[in-house]
Amino acid sequence: MSVPASLAAHTTAADKRAAFRTGLASGELQRLPGALNPLVATLIQELGFEGAYVSGAVVSAELGLPDIGLTTLTEVVERGRQVARATELPVLLDADTGFGEPMNAARTVTLLEDAGLAGCHLEDQVNPKRCGHLDGKAVVGTSDMVRRIRAAVTARRDPGFVICARTDARAVEGVDAAIDRAKAYADAGADLIFTEALLDEAEFAKFRAAVAVPLLANMTEFGKGPLLSARTLTDLGYNAVIYPVTTLRLAMGAIEDGLRELAAAGTQAALLDRMQHRARLYELLDYRRYAAFDSGIVDFTVGERA
C-alpha cells in the first residue's frame, strides 16, 4: 500500500532538482508549462512534460491583481509549495526580484528550498517589478543584480537548487547590453539564464551564440516576441522553455464563454460536452488509490484478550 501521489510526491526535492539539472544538460529541451494550481501540475505530469512552472503573473492574476509586484513572498512560496507537493516533476518558480534587497533574495531562496521547489528565477528589474512584456520597465544596475544573484547562490543549502537569472534589459538597453548582463550574471553563479522579450528568432540565436550557460526561453502568448516551436528552440540550442500563462488563458477563456452561456440561457445544459467529465476529474485526483489507502489504514480487527 502506498500513499497516493497527489497526497504527497514520492520523489524527493533533491531528486527533482537533480532531474532538472540533468535535463538542462541533456541536449533535450525541457518543457515547463505553467501550473496554475496543483491539479494542473498533475495533468502536466500525466501528459509527459519534463517539468512545471509557477508564474508570478498567474499568481497575481488569480488574486485579481495585475503583475506589478503586489504579491507577497508568503503568497508565492505557498503556491509553489502546493504545486511541488502534487507532482513528481521538478518545478521552477518565478521569484520576481527576490522580494526586496539582496538579503531578501537570499531568504526567498531558503524558503523555496524548504517548499520543495527545484529552482527559481530572479530578475534585474527595479523593485517593484512589472510584467516583462509591458512598456516602461526599468532595470537595476548590473552590479546590483550581481549582488542579488550572489546573495541567492550563497544562501542555498542544496547545491542542486537551480538559480536562474532573468534579464529584462533587452527592452531597455538593447540586445547587446542584455548579453553582457547575462554573462555577468553567469559569472556571479547563475546556473540558467532567461532573457525576456526577445523580438525575433535571430535575437534568440544571437543570444545562444554569445552565452555559454544553459538558456531558458519564454513562450508567452500575446507578448513582444514570436511563438517559436519546441523543435525550433531545440535547433537553436535552448535548454528549457516555459509556457507561463497558457493554462490560465485557456481556462479563463473557457470559463468566460461558459458563464456568458449560463447568464444568457439560464442553464449549463448546452455546455456539458465542453466540460471535463466528473469521471475524468476523479481519475486525475486518483480517487481509487485514496480509497484503497484509507481502507488499508482502517480495515483491521482488534483481538480479544484471553
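My entries follow, starting with the ground rules.

**Ground rules.** This is a predicted model, in which local features need pLDDT of at least 70, side-chain atom pairs count only at pLDDT 80 or more, and totals for chains, interfaces and linings use all residues. Residues are numbered from 1 along each chain as its sequence is written, and side-chain values use heavy atoms, with hydrogens and water left out.

**Helix 9, inside and out.** I looked up which residues of helix 9 are buried (under 20% relative accessible area) and found Glu-203, Phe-204, Phe-207 and Arg-208. Seen down the helix axis, they fall within an arc of 140° (taken from the directions from the axis to the C-beta atoms), so they line one face of helix 9. On the face turned away from that side I found Ala-202 and Ala-209, which are exposed (over 50%).

**What covers it?** I noted that the cover over the buried residues of helix 9 includes strand 5, helix 7, helix 8, strand 6, strand 7 and helix 10.

**Helix 8 against helix 9.** I got an angle of about 35° between helix 8 (residues 175–187) and helix 9 (residues 201–210), with their axes 10 Å apart. Contact here means heavy atoms within 4.5 Å. On the helix 8 side I listed Val-175, Asp-176, Ala-178, Ile-179, Ala-182 and Lys-183, and on the helix 9 side Glu-203, Lys-206, Phe-207 and Ala-210.

**Start of helix 9.** I checked Asp-200 too: one of its side-chain oxygens reaches to within 3.2 Å of the backbone nitrogen of Ala-202.

How values were computed:
Axes are lines fitted to C-alpha atoms, for helices over the stretch in contact, and angles run from 0 to 180 degrees between N-to-C directions. Helices (H or I, at least four residues) and strands (E, at least two) are DSSP runs, numbered from the N terminus. Buried means under 20% relative accessible area, exposed over 50%, partly exposed in between (1.4 Å probe, protein chains only). A polar contact is a pair of N or O atoms within 3.5 Å; within protein, one must be able to donate a hydrogen and the other to accept it, and residues adjacent in sequence count only if both atoms are side-chain atoms.
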